[in-house]
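Here are my notes on the model. Please keep the structure open while you read them.

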4 protein chains.
Amino acid sequence: MAGDATAAARRLAPRLAARAAEHDRDGTFPVDDFADLRSAGLFGLMVPARLGGREAGFAEYAAVAYELARGNGATALVFNMHASVTGALTAVNEEVAESLGVPDAALAARDRMLAEAAAGSWYGVAMSERGAGSRLSQLATVYEPVDGGYHIRGAKTFCSGAGHADAYLVAARSATDQSVVSQFLVPATADGLKVEPTWDSLGMRATASHDLHIDAVVADDTLLGGVEGLALVVAQLMPHWLIASYAAVYVGVAQAAVDAAVEHVVKRGVSELPSVRARIGRADAAVAATRLVVAEAARRVDDEPGAEETNRWVWRAKLLAGTTAAEVAASMLEAAGTSATRRGHPLERLYRDARCGSLHPATSDVCADWLGVAAIGGDPDREGTTPRW
Amino acid sequence: MAGDATAAARRLAPRLAARAAEHDRDGTFPVDDFADLRSAGLFGLMVPARLGGREAGFAEYAAVAYELARGNGATALVFNMHASVTGALTAVNEEVAESLGVPDAALAARDRMLAEAAAGSWYGVAMSERGAGSRLSQLATVYEPVDGGYHIRGAKTFCSGAGHADAYLVAARSATDQSVVSQFLVPATADGLKVEPTWDSLGMRATASHDLHIDAVVADDTLLGGVEGLALVVAQLMPHWLIASYAAVYVGVAQAAVDAAVEHVVKRGVSELPSVRARIGRADAAVAATRLVVAEAARRVDDEPGAEETNRWVWRAKLLAGTTAAEVAASMLEAAGTSATRRGHPLERLYRDARCGSLHPATSDVCADWLGVAAIGGDPDREGTTPRW
Amino acid sequence: MAGDATAAARRLAPRLAARAAEHDRDGTFPVDDFADLRSAGLFGLMVPARLGGREAGFAEYAAVAYELARGNGATALVFNMHASVTGALTAVNEEVAESLGVPDAALAARDRMLAEAAAGSWYGVAMSERGAGSRLSQLATVYEPVDGGYHIRGAKTFCSGAGHADAYLVAARSATDQSVVSQFLVPATADGLKVEPTWDSLGMRATASHDLHIDAVVADDTLLGGVEGLALVVAQLMPHWLIASYAAVYVGVAQAAVDAAVEHVVKRGVSELPSVRARIGRADAAVAATRLVVAEAARRVDDEPGAEETNRWVWRAKLLAGTTAAEVAASMLEAAGTSATRRGHPLERLYRDARCGSLHPATSDVCADWLGVAAIGGDPDREGTTPRW
Amino acid sequence: MAGDATAAARRLAPRLAARAAEHDRDGTFPVDDFADLRSAGLFGLMVPARLGGREAGFAEYAAVAYELARGNGATALVFNMHASVTGALTAVNEEVAESLGVPDAALAARDRMLAEAAAGSWYGVAMSERGAGSRLSQLATVYEPVDGGYHIRGAKTFCSGAGHADAYLVAARSATDQSVVSQFLVPATADGLKVEPTWDSLGMRATASHDLHIDAVVADDTLLGGVEGLALVVAQLMPHWLIASYAAVYVGVAQAAVDAAVEHVVKRGVSELPSVRARIGRADAAVAATRLVVAEAARRVDDEPGAEETNRWVWRAKLLAGTTAAEVAASMLEAAGTSATRRGHPLERLYRDARCGSLHPATSDVCADWLGVAAIGGDPDREGTTPRW
């Protein structure tokens, strides 16, 4: 039922928060958080009811991600990857599938993937590569057909949940035709997957976004859509999963920073300083506004996915969530003072976590460029100062 | 019907825009704009249907004000005063009236005022005074009972529409009891009203917000509520009319600035400069976010007027609309360049108009303080660095 | 003597300030201010002592411009144009002249121009054109040799002091060779000069920066340098006169805004509000910093004109003066409140004047680009997102 | 010789930089950096020549601190503490000493302390306490006279270099008279000093700013000035050591962030993106301006220590260095992108280090308040929203 998942996420948040400092300190993956998510049935959030899921829309996803992020932004960020995989799989409905020429066998495989998610599996994303960033058109990972399946070779970076997910969405180019980019759901049990523990970052330290080396043969039915070359098409159909799904997470982080600052200044007896009040008042307004923008974008994604105006809200959400989180967290640290910079203090972590939002692709500067082109009446997916994908 | 008024306002906007430069230049009141508003039936926007009005809620008011402001912010600002008078009169419904001890005769008088509005009259607000600002508790204008009515003496400033409104909402203190503040709807035809043409301002130049000198005897039934001393109570019941009704106007002004900048840079052939795009993209996002905040505040005012959370949205709307309008207009002028600073260019006017929003009471700094106190868990109407009313 | 001119300017500032409101209101040229400047001997500020001038360096110019701008930014801005003409003429010393192939007759003509300045004449600049902006490489005004001189035809815009200067520096292209751009000092008495009163601007309203239509024959000796095609060379030799000479003016305007705000808040009894103090404190620091930057740039211009590091300071000065003036004036208006937005209040004017700084070429966005290229190790005069000249 | 020390610091910076990542990661004290400082003779920087020192002024100190901070901000920050102790001791010259009633024996003791510094010892500062912050008037550490000396008991926090310094400047109150605050130079070898390793911070992690527990008897001659109660007097005589000595460090950190960003974007081939250039250009200007402000404050401290105008520059330097460092580092990280957030990347560390500047007392908000009071003509050391010491 709509709202149930959000309430469940809200209930989990304090448990996530209680573990956040430790995982941040050690850079360890929040295994217990994910057990909690599994128990709460949240792995099936985006999965159709007929396959055992909660059949949530993007708006409900955004509400869940916000609540989880108030507990631990890193956990919410990894969950976001799983939600984007299952959400995109679900979004390839019969109509879309037909227009893309997806064979029935691929639909059956898709259903199996979703049913397993509903039953408690979760998926990571292995898209970015060193050098290429997250741009699909620049990938160096290649695949070629082999008997009964595909042989994939390459190296991915920023693969959140590496070593913990049950399978990974891997993007790769055809070895025989550079312009063909496909996606596979590679089981974590496949021979030839190796996690290189490279993730040791300023913020969002618990995401285990390590490098993933791949030299694996996978079965036919791991090719998403059952037809090669769908990756770019699907990406452009669903910019919300690539662009705005981060946004809800960073609004949650920003709200957590305001909450932590309020708690801190009250405890330290400095809540009546005019400068402290002014900082908190301005932060409160900024976070509330950004939360509305994310909700509006999400509502439109559900109502009119892919519409021009929907996409503008998607990019606005990304831009504002990233910049607001960073600015708010910086100001809250300034309101709280030096004592909040000790490691282990929530604000110390939130300040670092919050900085990461506007750096995820599309970065804030790319978002501003995209939105500027759109406002001027151009085609923001094609024109622009920087390549988009 | 809901939405009709908004559509009507949208249709009027280009007519308002076409006259805006002249009224701004000369500081003249937009008489024709108000004739248009009358023809479109917008003076009855907030009036109950049983009295001939459109019975709009605050959300519809906000939508109308936004559309009008895209045409001319000054016209929208004066209209806002009329809407706040008629809206507040309407909001004193039977339940509120009973709790305040409003006698039947006063309700009948109230209905006459509203019916006249629906029939084409409009009202200004004469509250601020030099020295006191808009704080009701500091007024120097006094009244005393005389045979058949009241004698009001004092001087008001920032009285928008002075010399053009059909009546003025005048706030005054009792001459015999300083703590009693009442409000009267003084007809423009009353003897002893004198408009002193003092309004000659940076922005919003067409509002005719002149000084109004009052030495007038008014009838009994001009006392709003029929009971003395209701002014502060009503003000605190309806912070949205004092605080957030400006907000919709300034979002409209900000959007007009973005639109004017887009038109300018396209015409001048500089729309592909990266810095221009980035400025317009960021402005687009900021205005869209602020518009959502105003809509959210308005929706909550309709659903739960006076609720604690409603009021927080009301103050957020005021803060963000004021600061966003000023920042966006400044950036748009910078995107457009020197040629947009010639008088007569829309951006030249919008830049000045947009600056005024955060200066209206409650100023942005007061809003930040109020919101900070609220976020920290205090009582923002009572605590705080600066007096609120 | 060094410093005398600065002291003289400081003494004149209150006289300029007393007249500023009227000239701003009416858009009239401050004729009396210029009479004061003449009496104080400031027209000879940049002229060599051997020709009767004060032989000031760029640092002294900057100090004078700052003081004048504290009185009236518009007056300082027009004075800046005269200083740039006389300063550039003086800077073409014997060494430079020889390297450029300047004939002796041209040096004699140059000396006459400078001597006349020292004796009380002043010069305006007619460079910008509609469409071309201030980019020398895009000019449409042309000249061709005629018997005994040159025939110049074209139209200039933003010609500060038009109708008041004794002569105008006019940039034009050769009618026979598009790549040759030359400059002439055209006497105001020449037949065929027509001022079209187009200047009616947001800020700096008293500069009389009207359009100047030219269809005039001028004598041989008005060609600066006596050789055609020197305009671009000289412009690139002296970026300080094109880029940073505005900067001192805008720092003076910013300081005037702080001073006006302090006076206002003290008079209104609101100087103890924490938000007012914080705004004034931050503005004080920002203006002081920017003033130092302008002084540093000026000092380096005197010590090592044209050096790479000198030019970086020149561009930094332009960027920071423009953005600081606009931001400080906006914040001071917010500190002072609505009562400071009445026309005639110094802050109302200063807010508009201050906005113009970052719009003068090179705009702030161009400055940021230039400085970025320089910091990265590129050639900022040649690379970059936007054409420089 | 003036400048020698600066050149020495500049030569050391790359050595400090090479060790910075490791000390930041582990939170270990840069022992080798301090050996380098000793070898370079920098411990005697502020010591009079007659005692073997370099007899530097505040300006030279600021230049040295800036250079060291370009290598490692944490090292520079600890060095700053030593410089402030030796600088303040030196500043109590004969004239000041006489006015304060400092006995000859105390001058001899002072000379010994300084001579030891010149010979290679360095001193930390143990002033702040949990709860009291750095406000001398709120200290809980007490001392009482005992036979041959004083018994000091209390606990200090944020004691940079704890466990590594040769002696600590300890501030304490008299056990018998609460209003008497004195300072002692307590040898690290004293019985009863215990370092509690509490320092584990967001940034400046290598400063070893641990807690220091004191229950020690010290000799008579460790009482600075030889007279009780001088601490507050001296603090107010030398605000530069309490307020602005941090500033030079944070400008160095900010410049290091710009340099690291330039290196990063060139290496990654993204230096031609317009948004990257604009960010770097604006950062370049901001850092250059702030560096000038610090130099100006330092120059005035040398010329007119304690003068009203000097102190305003001191507070401006603190405000601008703190806010500029934080803003510049945040923008540089955004220019560089996600790959610069990996731990071990210089920008990742610099971003955290840079955030700490405006949080050191006096915080940026306190500085803004102080400067606002001063600009308005008040006494900023006595008036103000927040207590100053």
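1. Start with superposition: copies are fitted by least squares on the C-alpha atoms of residues with pLDDT of at least 70 in both. Two copies of a chain are related by a rotation about an axis and a shift along it. Here, a rotation of 180 degrees with 0.0 Å of shift along its axis brings chain C onto chain D (RMSD 0.0 Å). That is the relation of a two-fold axis. In chain C, A289(C) comes closest to the rotation axis, at 3.0 Å (C-alpha).

2. This is a predicted model: local features need pLDDT of at least 70, side-chain atom pairs count only at pLDDT 80 or more, and totals for chains, interfaces and linings use all residues. Residues are numbered from 1 along each chain as its sequence is written, while chains are lettered from A and ligands numbered from 1 in the order in which they are written.

3. Look at F158(C). Its phi is positive, about 50 degrees, although F158(C) is not a glycine. Most residues other than glycine have a negative phi. F158(C) sits in strand β3 (residues 149-159) of chain C; strands are DSSP runs (E, at least two residues), numbered from the N terminus. F158(C) is buried, with 25 other C-beta atoms within 10 Å (buried means 20 or more such atoms, exposed 12 or fewer, partly exposed in between; C-beta atoms are placed from the backbone).

4. Compare E55(D). Its phi is near 55 degrees, again positive in a residue other than glycine. E55(D) is partly exposed, with 17 other C-beta atoms within 10 Å.

5. Check one peptide bond. From P361(A) to A362(A) the bond is cis, with omega near -10 degrees.

Definitions and conventions: Helix = DSSP H or I, 4+ residues; strand = E, 2+ residues; numbered from the N terminus.
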